[in-house]
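Dear colleague,

I am passing on the structure we spoke of, and below it you will find my notes on what was found. Please read them with the coordinates open beside you.

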Amino acid sequence: MVSLVIKGMKSREVNRKLKEILPIEKEILIEHPDSIHNFATALKGVGKIIVKGSTGYYTGGFLEGPTLIVQGNTGMYTGDNMMKGEIIIEKNTGSNVGPSMIGGTIVVKGHSGSWAGYGMKGGNLIICGNAGMWTGKMMLGGRIVVLGSVGMGTGDSIYNGVIHTLDQDVGEKLGSNVQVIPISEEEKKEVRKLLSLYGLDQNIRFEDLKSVVPKVYGRHEYVLFKPMHLGR
Amino acid sequence: MCGIAGMIAKEKLDLGYFLTEMLYQLRHRGKDATGLVIYEDRKDIEIKVAINPGEDYKSLELLISTYGKIYGKISNVRNYLSIGGYTFYEATIDMEYQKITELHKRIDANPCFCVHHLGQKVKVFKDTGDASDLRKHYDLHGLYGTHGIGHVRLATESIENINFAHPFVSYIYPELAIVHNGQLTNYFNLRRKLENAGVQFKTYNDSELIAHFIAYQMKERKKDFEEALRLSLESFDGVFTFLASTNEQIGAVRDKLAIKPILFYEYEEKLYIFGSEQTCMTPVRDDIYAMEMAPGGIRIWSV
């Protein structure tokens, strides 16, 4: 394991250094992150990066492969467009965690702000605490698990994918084009398996989980106006 | 982007220090200007006026002296890149409180001067750059006020100028200050309506309109603070979140689209913190869970 003190360094400089080191050292310890923005963006390959502290906006954006463990909080847009790998946040995250993410898994052990999983296309997003408003807004695929409570407008304008939550009042907090259905046995197994990977399956009543899914799947058809045919 | 922050301390707290630290944590949201207003527990009426480059302060002093005795000073010239050297006139005035509105309006009517604060409790500090620049130019330690609000600016709607920086005050209702994050899309319509009602504007910043709008509702239409904020939410168009403060209260307003963030944290009815991001609260309280304000919401906290 190699240790890196990045205090005072610019995002571009840090990311360049990570790209250089990751193929050689498979484990990197970051000290004094100073809430740096754009940390570990567009990072490819295999390896583990452990951050002793908090990071800022766009942490792990476009991440493709590595495991990123932040032992503090992260800012807005964590895991933006993430493709593969893992981001584990030991404390809280800001709004828009995992927007448009395509694959991989994000685990937030604390709470999350609003718009978690906005436009998410694939992968898994686990929030152990509470999520803010509009969780999974315009989601196109993937799975969100919220073990705490959700805010208003949950699943608003969702196209595809599923949001599981232990919040028993989720039915009163839904956005448009979503409904709450009981969780299926198969889904229960999948969620249990997913949570067990991160040691989060203890003391969870899986039968209490509710699924938020679209009322109408896929692209919706809207007829805005009918053009007049002025044929001769 | 802009960032806003605020705090009510019911126990003795160095508000100047903590608010500056909070704004420093928000510096990534805008580095064009940083400003804050603190409500002190004092009796004197204080004034601070920015004087345009090359202008003399004698006519200003003459005008103020017609309202009462002055104990004043003039600060050194501060040079701002591409704008020029501004001077700041600060004074304590022994005058009637009821005449503050009139004096404020008369000073602002002169294009060479711009009042930053004039009142019995209010004290405004603003400067270009981030909070570290503010710290460099003002001694903000040991300002034990009751409450305060602050702002970091990313100039989008109007020019970069010290007089266009937040917090904005209104001559109509002395001691009212606002900080704003967002854009008002019906600014010119509302400005025309207010101007027709006799309101005098100083800048082309949409945030100034918020201050005048609320002040107008409270002073001329005799609405209370909450009703004035509710009317502003109904009348304003665009995306906006703002904090408004008076001598006794701080109010937060968020539009129904809720694009611009605002979080608040309450600690045992002793401490209330507001901010655009949770990270700005860390200098005051580490690892807290701040609540987000609902879309289309108004909340008011009393000092």
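Before the notes on strands, a word on terms: helices (H or I, at least four residues) and strands (E, at least two) are DSSP runs, numbered from the N terminus, and two strands pair if DSSP finds at least two bridges between them. This is a predicted model, in which local features need pLDDT of at least 70 and side-chain atom pairs count only at pLDDT 80 or more, while totals for chains, interfaces and linings use all residues. Residues are numbered from 1 along each chain as its sequence is written, chains are lettered from A and ligands numbered from 1 in the order in which they are written, and side-chain values use heavy atoms, with hydrogens and water left out.

I begin with the sheet in chain B. Five strands make an open sheet there, in the order β10-β11-β12-β13-β17 and with antiparallel pairing; its edge strands are β10 (168–169) and β17, each of which pairs on one side only. At the β10 end, β10(B) pairs with β11(B) (residues 177–184) in the antiparallel sense over two bridges, and B:Phe168 stands opposite B:Ile178 in β11(B).

Further along, β12(B) (residues 238–245) is joined to β13(B) by five bridges, and the two run antiparallel. They form a hairpin with three residues between them, and B:Ala244 has B:Gly251 in β13(B) as its bridge partner. Strand β13(B), residues 249–254, is also joined by five bridges to β17(B) (residues 298–302), again running antiparallel, with B:Ala252 opposite B:Arg299 in β17(B). If we call a residue buried under 20% relative accessible area, exposed over 50% and partly exposed in between (1.4 Å probe, protein chains only), then β13(B) is mostly covered, as five of its six residues are buried.

In chain A, strand β11(A) (residues 210–214) is mostly covered as well, with four of its five residues buried. This strand pairs with β9(A) (residues 162–165) in the antiparallel sense over three bridges, where A:Ile163 stands opposite A:Val212. Five bridges join β11(A) to β10(A) (residues 178–182), also antiparallel, and here A:Gln179 stands opposite A:Val213.

Turning to the interface, 17 residues of chain B are in contact (heavy atoms within 4.5 Å) with 13 residues of chain A. The buried area, meaning the accessible area (1.4 Å probe) that two parts lose on being put together, summed over both, is about 1000 Å² between the two chains, and carbon and sulfur atoms give 56% of it. On the chain B side, B:Asp287, B:Tyr289 and B:Glu292 lose the most area to chain A, together 45% of what that side buries. The count of salt bridges between the chains is zero, a salt bridge being a side-chain nitrogen of Lys or Arg within 4 Å of a carboxyl oxygen of Asp or Glu.

B:Cys112 is in no disulfide, and the nearest cysteine sulfur, that of B:Cys114, is 12 Å away. B:Cys112 counts as buried because its relative accessibility is 18%, and B:Cys114 counts as buried at 5%.

With best wishes

Definitions and conventions
Disulfide = S-S within 2.5 Å.
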